[in-house]
Amino acid sequence: MSTPNFHDLISDAQLHKAIDALGYTQPTSVQLAAIPDALAGKDLLVSSKTGSGKTAAFLLPSLQRILASPSANTNSTRILILTPTRELARQIVKNAEQLLRFTSVKVAMICGGEELKYQKALLRKNPEIVVGTPGRLAEHIAHKSTEFSGLEVLVLDEADRMLEMGLHEDVLKIANTCATQRQTLLFSATLEVKGLRHLISQVVLGDAKEIHIDDAPNRINQQMILADDIKHKEKLLIELLAKAVYEKVIVFTNTKIKAAQLDGLLRYSKYRVSALHGDVTQDQRKIALDLFRQGKTQVLVATDVAARGLDIPGVDLVINFDMAHSGDEYVHRIGRTGRADAEGRAVSLVSAADWNLTKGIERYLRVEFEKMALPGLTASYKGPDKTKSSGKAVGTKKKEPTKDKKTSVEKIKVRERDKKNIGKRRAPSATNKSVDVPTVVVDGFAPPKKKISRIEDADE
Ligand code: ADP
Ligand code: MG
C-alpha cells in the first residue's frame, strides 16, 4: 500500500490548492500521524523533531474542520493558537494565511508590544482564527474583549516553553474561557518539562492521545570549540564568522546584555547584523527578523527568544556563544538549522564555566560534539584536569555561584519514546539500558536548568 498523500488526508479543495502553491508534495511523518487523529476530533499531545512540519500538522486539520462546517456561534473565535513568542505567532499567522489564501477566513494576531486598543478593535470583528502569546491574551480576557465560548480548536505550540516561561496561569486563564467541548492540541519537539503533565490535565479536558515521532535525527553537524574566557570567545566568533562557509548564521547568548554587546561588536566588525532579544522594541524586533529572513542581514544575534519554532530559510550555522541552559533548549537552538531535511552545523564555544553543562547535554542527547580548534586561536584551556565517569569536572561544584544551587539539581531524563505506554502505567522499556552509556542512571544525565535567566527574556 502506498503512503497516503495530502488528498487522502485533507478533502477541502481550497486547502489543496494552497498546499500545492506551497510546494508540499508529500505529508511529513508528523503530518501523516497527526492529521487523521486531529480530524477525528481527538485531543493530541504531539512531539516530533525540529523542522519536521508540526505547524501544518495542526493547521491543516483545524482549517479543514472550520472550512467544512459553518460556525454555530458566529461571534466566537473558532481556532485559538498560543505560542511563547511574538515572532513565532507572526510566523504561524503567515503560515495560516498562506493555507487560507483561496478562502475568505481571517486570522488575527494578538501579542504584546502592540496597542491594546487596536487589538480590541481587531477582536471586535470576530476573527475566526486568533494566534497570540498568553500574556497579552490573558490581558484581553480581563478586559472581556475575547469571545472563545464557541471555540472549536485550542492549539498550544511549544507548550513546554510556555510553561518554562512561567505562563502556566495565563494559559489556564485563557483555556478556562474556551468552550469545554473544544479540541486541544499540544505540540513541541520536547515535551518533558516538569509540570507539563499537570498543565495538560488542566487544559486537556478529555484523554489526550500521545503521538511521538521517532524519525532519524536531523543532519546537524554538532561541534565545540574550547575557549578561555569571554574575550577569547569574541575572537573565536569573529574568526568563525570570517572563515566558516554559511548563508545565514544565528548566534545565541544566554543574556540580553551579552546579545546587545555582540550586536555592537559585530557591527563594529562590519557585519550586517540583526538582534533579537527582550530589550529590543517590538518594531525593531520585527524589522530585525524581516531583514534576516530577506537575507539583508546575514547574522542574527539572539537570546532564547529566537530558539523556538522560527523557520528561517538559509540558516545553515548556529553558534552557541554561551552554552544553552538545558538540553532541550540546546535542541531547539540548533534546530533553527537542518530543517525539513536540510543539512546544518552547530558550533558551541565552551569555556571552563560551560564544561559541565556541555557534558550534561552530550549525555542527555547521546551525542559527542566534534572537538575543533581555530588556527592561531587554540585555547589554553584543555578541559578539566580530572573528570568523573560522566565527563564532568571533578571538584568544581564549590566554585559554582550559590544562586544556582537550587536549580542545579539533576534529574534523570526519561525520553518520550520510553514513555509510549504511559497510559498503561507500564515501567519504561529497556531502551535506556540498551544505550551504550553505562553510567546514565548513576548520576542522571539531564543538564541543570537555570530558570532565572531563561525567564529574564520572557516575552510578554
Ligand atoms: P516544526 O514546527 O516541526 O519545527 P515547521 O512547521 O516550522 O516545523 O516546518 C518546517 C519547514 O518544513 C517549513 O519551512 C515548512 O514550510 C516545511 N514543510 C512543512 N510541511 C511540509 C511538507 N509536507 N512538504 C514540504 N515541506 C514542508
Ligand atoms: Mg514549530
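**Entry 1: a helix pair.** I began with helix α3 (residues 29–39) and helix α4 (residues 54–68), whose axes come within 9 Å and cross at roughly 25°. Axes here are lines fitted to C-alpha atoms, for helices over the stretch in contact, and angles run from 0 to 180 degrees between N-to-C directions. That angle makes α3 roughly parallel to α4; angles under 35 degrees count as roughly parallel, over 145 as roughly antiparallel, 65 to 115 as roughly perpendicular and the rest as oblique. I noted a right-handed crossing of α3 past α4, where right-handed has the near helix turned clockwise from the far one by less than a right angle, and left-handed anticlockwise. On the α3 side I listed V30, Q31, A34, I35, A38 and L39, and on the α4 side K54, A56, A57, F58, L60, P61 and Q64. Contact means C-beta atoms, placed from the backbone, within 7 Å. I sorted this contact by class into 10 nonpolar, two polar and one charged residues. The classes are Ala, Val, Leu, Ile, Met, Phe, Trp, Tyr, Cys and Pro as nonpolar, Asp, Glu, Lys and Arg as charged, and the others, Gly among them, as polar.

**Entry 2: bookkeeping.** The model is predicted: local features need pLDDT of at least 70, side-chain atom pairs count only at pLDDT 80 or more, and totals for chains, interfaces and linings use all residues. Residues are numbered from 1 along each chain as its sequence is written, while chains are lettered from A and ligands numbered from 1 in the order in which they are written. I find 17 helices and 14 strands in the protein, taken as DSSP runs numbered from the N terminus (helices H or I, at least four residues; strands E, at least two). Of the 460 residues, 43% are buried, meaning 20 or more other C-beta atoms within 10 Å of the residue's own; 12 or fewer is exposed, and in between is partly exposed.

**Entry 3: the sheet with β2.** Seven strands make an open sheet in the order β3-β4-β2-β5-β6-β1-β7, with parallel pairing; two strands pair if DSSP finds at least two bridges between them. At its edges stand β3 (107–110) and β7 (209–212), each with a single partner strand, so one side of each has no neighbour in the sheet. The twist averages 15° from one strand to the next.

I then looked along β2 (residues 79–82): I79 and I81 point one way, L80 and L82 the other, and all are buried. β2 pairs over four bridges with β4 (residues 129–132), where V131 is the bridge partner of I81. β2 also has four bridges to β5 (residues 153–157), and there L80 is partnered by L154. Helix α7 (residues 134–142) lies across β2, β3 and β4, at about 100° to β3.

**Entry 4: the sheet with β12.** Another open sheet of seven strands runs β10-β11-β9-β12-β13-β8-β14, again with parallel pairing. β10 (273–276) and β14 (370–372) are its edge strands. Neighbouring strands are turned by 25° against each other on average, direction ignored. β9 (residues 248–252) and β12 (residues 315–320) share five bridges.

Which residue in β12 stands opposite V251? I found I319 there. I319 counts as buried because it has 27 C-beta neighbours inside 10 Å. Leaving out residues up to four places away in sequence, I319 touches L237, L240, V249, V251 and V347.

Methods: Contact = placed C-beta atoms within 7 Å.
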